[in-house]
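Here's a quick briefing to read with the structure open beside you.

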Amino acid sequence: MTNFDTTAPEAPKVTGPLPQGEGDVADKATSTKMSKKRKGLVAALAILLLILAALFAWYLLNRKPLSELPGLSSTKMPHYEFSIYGTSHPLGVAATTSGDRIYVTESDGTRMVRVYDAKGKQVGTLTPPKSTGPSHIPVYVAINPITNDVYVSDRSTNSICVYDANGKFLRTFAPKGNLGAGWEPLGLAFGPNGSLYVTDVGNAKAHRILAFTHDGTLVRSMGAPGQLSFPNGIVVDSHGNIEVADSNNGRLVVFSSSGKMLATISRGVGEGDLGLPRGVAVDDAGRLFVADTSDHMVRVYAIDKSKALPTYIGSFGGEGRLDGTFEYPNGVATDTRAHIYVTDRENNRVQVWGY
């Protein structure tokens, strides 16, 4: 019988480099594409990180929200954020620049100034001592930018109560100079140097605006006899002009720092016209906010240094009881974090809006 060797022959040894086949070329091409893709992703991520770093640096330098970046539209209207409840028929409102303290005057109920934090939690009250009178009706409130003292106009006692930043009553504001007959302060505003502006309705025939230095010395009276009728909210803009809500005349009046009337936004039904303006405020983006009580909205204007008349850019709100609607808004204030605070009088709340 013949024996067969079933052992497979040994494969020949290859001592040189292996030849490249079609599969190897495809693998290399795929690897090259993936490498390029990774490099692209890394580059895009690096660019994104640079942009984020630049935005963060801009925020640290300016302390403004990203919505305030240069080049963004200034005609955008704010959006509703939340409401602060707990104040009965609020009239005036003021906020610190950071928005960590919000002061709201209560014209009904206990009739005090309630203090809230940035989240709407009540953290204190401002109550005048009994020596200042048995009853009080706080109307408007403003914060001195130099001392951080809080000034509150009191319609019941025809006075202005002054508190420190911690809520301690300091004194009643004592004007220096001849005020003439009558003294019934309403609206309050401060200039950047601590000068105080007050709307005074004490003389029925001569409602006016009084300007005081930081120490309370009267330096100027604005408004000719019969020119203003129950001026309410007042504000000083970044150009030094004074905007005041001439309420019963249904208009906004712009005065120069020297007291000259520069421009008016009148009552009417046209775009940007007013009904019954009460509170006014400006923000650091050059926008002017006017609480239009009878139209149940806040009108927004742009302030331009080249012209005295503010330009109407839109409004927000509307009559109602739901979030984002008003029932007779009265006071308005801003902070430097793009928030707008509006006292919604008949809804017993303060609405917070933001950009």
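What follows is a short tour of the cavities, then of the charged pairs.

Keep in mind that this is a predicted model. The search turns up two cavities of 30 Å³ or more, and ten salt bridges in the whole structure.

**Cavities**

- The largest cavity holds about 60 Å³ of space.
- Its lining is made up of Arg111, Met112, Val113, Leu126, Pro128, His136, Pro138, Val152, Asp154, Cys161 and Tyr163.
- Two strands, β7 (150–154) and β8 (159–163), are the elements that give two or more residues to that lining.
- Sorted by class, the lining of the largest cavity comes out at eight nonpolar, one polar and two charged residues.

- Asp246 pairs up with Arg251, with 2.7 Å between the closest N and O atoms.
- Asp246 has a relative accessible area of 0%, so it counts as buried, and Arg251 is buried too, at 18%.
- Asp344 and Arg349 form another salt bridge, again with the closest N and O atoms 2.7 Å apart, and both of these residues are buried.

- Arg299 meets Asp295 in a salt bridge, at 2.9 Å from N to O.
- Arg299 is buried, at 9% relative accessibility, whereas Asp295 is partly exposed, at 29%.

Notes: Residues are numbered from 1 along each chain as its sequence is written. This is a predicted model: local features need pLDDT of at least 70, side-chain atom pairs count only at pLDDT 80 or more; totals for chains, interfaces and linings use all residues. Side-chain values use heavy atoms; hydrogens and water are left out. On a 1 Å grid over the protein atoms alone, a cavity is a set of points where a 1.4 Å probe fits but cannot get out, and a pocket is an open set with protein on both sides within 12 Å along at least five of seven lines; lining residues have an atom within 4 Å of a point. Grid points are joined across faces, edges and corners, and a volume is the space filled by probe spheres set on the points. Helices (H or I, at least four residues) and strands (E, at least two) are DSSP runs, numbered from the N terminus. Ala, Val, Leu, Ile, Met, Phe, Trp, Tyr, Cys and Pro count as nonpolar, Asp, Glu, Lys and Arg as charged, and the others, Gly among them, as polar. A salt bridge is a side-chain nitrogen of Lys or Arg within 4 Å of a carboxyl oxygen of Asp or Glu. Buried means under 20% relative accessible area, exposed over 50%, partly exposed in between (1.4 Å probe, protein chains only).
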